[in-house]
Amino acid sequence: MTTPEAEEFATRFDVSRETLDKLFAYEALLKKWNPAINLVAKSTLEDMWSRHFLDSAQIFAMAPENARIWADFGAGGGFPGLVIAILSAEKAPERQVILVESDLRKSAFLSTVTRELSLNIRVFAQRIEEIAPLKADVVSARALANLPKLLEFSARHLKPSGIAIFPKGARWQEELAQAQESWSFDYEAIESLSDPNSVVLKIHGAERV
């Protein structure tokens, strides 16, 4: 199976046919489960490759190649965490992805995809605040909370040398200013491939002030 969108994705991110097959299998499972538990907006189901997969895969290359533990908070339907795990299976096989999702139905979906695609993932069906520190090399979250709250989560679960990667929408500068009132950190704002009004914030060295 393939489509023009999938071929464009494969070229852009230099992934194998096996990785594309896993993404197609993930897409099929998501479309099967979505009517029951609303993993993504119904209106976006037909834009899976140009919206969800592209939006998730763009942050893969922003992480250090030797990152062993990648934690994705509020994993929901699996963006970006499941896409990161699928790409890691080909490009960083030693990496383990941790998906944190407190909604039991959504965590059941994440566990199903993990099992059926044989991915190196641990799923925590708990609140982020309740989990013992993960000592992650990378943390990510998409559409979960504002930046100050995400930095709180990161402070608990990120290694001192780790980085946080957060896709943010058009109001990212407001969130950044708000976060800088309580936190000191270095950051890069990288233009999103999926939306010219959005960025991906890459943050390290966050400390409370």
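Trainee: Where does Ser140 sit?

Mentor: Ser140 lies in strand 4, residues 136-141; helices (H or I, at least four residues) and strands (E, at least two) are DSSP runs, numbered from the N terminus. This is a predicted model, where local features need pLDDT of at least 70, side-chain atom pairs count only at pLDDT 80 or more, and totals for chains, interfaces and linings use all residues. Residues are numbered from 1 along each chain as its sequence is written, and side-chain values use heavy atoms, with hydrogens and water left out.

Trainee: Ok, and is Ser140 buried or exposed?

Mentor: Ser140 is buried, with a relative accessible area of 0%, where buried means under 20% relative accessible area, exposed over 50% and partly exposed in between, using a 1.4 Å probe and protein chains only.

Trainee: What does its side chain make a polar contact with?

Mentor: The side chain of Ser140 makes a polar contact with the side chain of Asp72, at 2.8 Å. Such a contact is a pair of N or O atoms within 3.5 Å; within protein, one must be able to donate a hydrogen and the other to accept it, and residues adjacent in sequence count only if both atoms are side-chain atoms. Leaving aside residues up to four places away in sequence, Ser140 touches Ile59, Trp70, Ala71, Asp72, Phe73, Pro80, Ile165 and Phe166, contact meaning heavy atoms within 4.5 Å.

Trainee: Switching to helix 6, which residues are buried there?

Mentor: In helix 6, residues 147-157, the buried ones are Leu147, Pro148, Leu150, Leu151, Phe153, Ser154 and His157. Their cover includes strand 1 (69-73), strand 4, strand 5 (158-168), helix 7 (172-180), strand 6 (183-191) and strand 7 (199-208). At the start of helix 6, a side-chain oxygen of Asn146 comes within 3.0 Å of the backbone nitrogen of Lys149.

Trainee: And why is helix 4 largely enclosed?

Mentor: Helix 4 (residues 81-91) is largely enclosed by the rest of the structure because eight of its eleven residues are buried, namely Gly81, Leu82, Val83, Ile84, Ala85, Ile86, Leu87 and Ser88.

Trainee: How much space lies in the largest pocket?

Mentor: The largest pocket holds about 600 Å³ of space. Of the 31 residues that line it, His52, Asp55, Phe79, Arg142 and Ala143 are the closest to its centre. On a 1 Å grid over the protein atoms alone, a pocket is an open set of points where a 1.4 Å probe fits, with protein on both sides within 12 Å along at least five of seven lines, and lining residues have an atom within 4 Å of a point.

Trainee: Which element gives the largest share of that lining?

Mentor: Helix 3 gives the largest share of the lining of the largest pocket, four residues.

Trainee: What about the second largest pocket?

Mentor: About 190 Å³ of space lies in the second largest pocket, and of its 14 lining residues the closest to the centre are Ala155, Leu158, Lys159, Pro160 and Ala206. Helix 6, strand 5 and strand 7 are the elements that give two or more residues to this lining.

Trainee: Last one, how many helices and strands does the protein have?

Mentor: The protein has seven helices and seven strands, and buried residues make up 51% of its 209 residues. The C-alpha atoms fill a box of roughly 50 × 35 × 35 Å, taken along the principal axes.

Methods: Points joined across faces, edges and corners; volume = space filled by probe spheres on them.
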